[in-house]
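Let's read a structure together, one feature at a time. Keep the viewer open and ask as we go.

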Amino acid sequence: MTCEEAQRSMHYHFDGDDHLHVRKARAHAASCTDCGRHVMDLEMVEQGLRSLQKFAAPPGLRDRILEAVREVPQKRPLRGTGGLMTREQ
Amino acid sequence: MERVEQGVLFRAQTGDLDAFTAIVQAYEDQLYTLAFRFLSNSAEAQDAVQETFLRVYTQLRRYDERFKFTTWLYRIATNVCIDRLRKRKAVSSLDAEVTDGVESLQDWHERLASPDPSPEDLLMQSETCNEVQRALGDLPPLYQTVIILRYIQELSLQEISDVLHVPITTVKTRIHRGREALKELLARAPVS
Ligand SMILES: [Zn+2]
């Protein structure tokens, strides 16, 4: 397995796959400095992404949304009886 | 992943605003987080969330119950955010032509990623990993989308495939390229 193949296959490892080519890539990375480094870099990427916090919607946003919603009618269903409100966007 | 009951959904479909309020309440945090990760800007993220819920409300009677409500919701939110990114990009390239295109790639990226960060944005970003958010903002929208759905919203590959209407193999390829691109962008980022 070449380094290029190993580095490509390693992404499937990060997806949670455990196919033969993934296991081969892991074995390769264990004994190859470049590919070992590549794995560590990807782990850092994942760690960085997972450390991004989840926000709470700012105060006032919900009221703003509900106010805007009051101004618009719902479109009628594509099929079926539907209502009287037929305004299209 | 479902957070509202069918009954609430049915009532909202008849224009019941209390029921719709329950829907907004159930999803506003996660949609705001999603929009902020796309747009790197609080004011724009709020506009995007408002636009999303407005579309959800007007289209609610056309929602097909055979699909998960959250899948539909994420599809709308993702489209709203990507539209905004594209518009921003179009405006930026016009600017770039006018100013003779001498700006550095870095300026370009900074302008793309965060137009006028407010003190609130700066505060929010300093609380989080600034470089990661910046790198995320520098990704092409195609990769940014799958990375956000995967790592920020924590959807499964199958769920992402449902949201985007593309096969799982495509989702995987985009995630692989997105991860690889983030690795490069973060390697280039100055250590702060
Ligand atoms: Zn190697």
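Q: Where do I begin with chain B: how many helices and strands does chain B have?
A: Start with the secondary structure. This is a predicted model, and in it chain B has 10 helices and zero strands.

Q: Which residues touch the most other members of the largest nonpolar core?
A: Look for the side chains with the most partners inside the core. The largest nonpolar core holds 65 residues, and those touching the most other members are A:Leu49, B:Phe20, B:Ile23, B:Tyr27, B:Phe69 and B:Ile147. Helix α2 of chain B (residues 17-39) gives the most to this core, 13 residues.

Q: Why does this core lie between domain 1 and domain 2 of chain B?
A: Check which domains give residues to the core. Here domain 1 (1-91 + 105-112) and domain 2 (126-192) of chain B both do, so the core lies between them.

Q: Could we zoom in on one member? What is B:Ile147 in contact with, leaving aside its neighbours within four places in sequence?
A: Its partners in chain B are B:Leu136, B:Leu139, B:Ile152, B:Ile175, B:Gly178, B:Arg179 and B:Leu182. From chain A, B:Ile147 is in contact with A:Leu49. There is also a second, separate core of nine residues, including A:Ala6, A:Ala25, A:Cys32 and A:Cys35.

Q: Now the interface: how many residues does the contact take from each chain?
A: Count residues, then turn to area. The contact takes 40 residues from chain A and 48 residues from chain B. About 4300 Å² is buried between the two chains, with carbon and sulfur atoms giving 60%. On the chain A side, A:Leu49, A:Phe55 and A:Gln74 supply 18% of the area buried against chain B, more than any other three residues.

Q: What is the count of salt bridges between chain A and chain B?
A: There are five salt bridges between the chains. You can find the side chains of A:Lys54 and B:Glu154 meeting in a salt bridge at 3.7 Å, N to O. The polar contacts between the chains come to 19 residue pairs. Finally, α1 (3-14), α3 (33-50) and α4 (61-70) of chain A each supply at least two residues of the side that touches chain B.

Note on methods. Residues numbered from 1 in each chain as written. Chains lettered and ligands numbered in written order. Predicted model: local features only at pLDDT ≥ 70, side-chain atom pairs only at ≥ 80, totals over all residues. Heavy atoms only, no water. Core = buried A, V, L, I, M, F, W, Y, C linked by side-chain atoms within 4.5 Å. Buried < 20%, exposed > 50% of the residue type's maximum accessible area, 1.4 Å probe, protein only. Helix = DSSP H or I, 4+ residues; strand = E, 2+ residues; numbered from the N terminus. Domains from an automatic or database assignment. Contact = heavy atoms within 4.5 Å. Buried area = accessible area lost by both parts, 1.4 Å probe. Salt bridge = Lys/Arg side-chain N within 4 Å of Asp/Glu carboxyl O. Polar contact = N/O pair within 3.5 Å; in protein donor to acceptor, adjacent residues only side chain to side chain.
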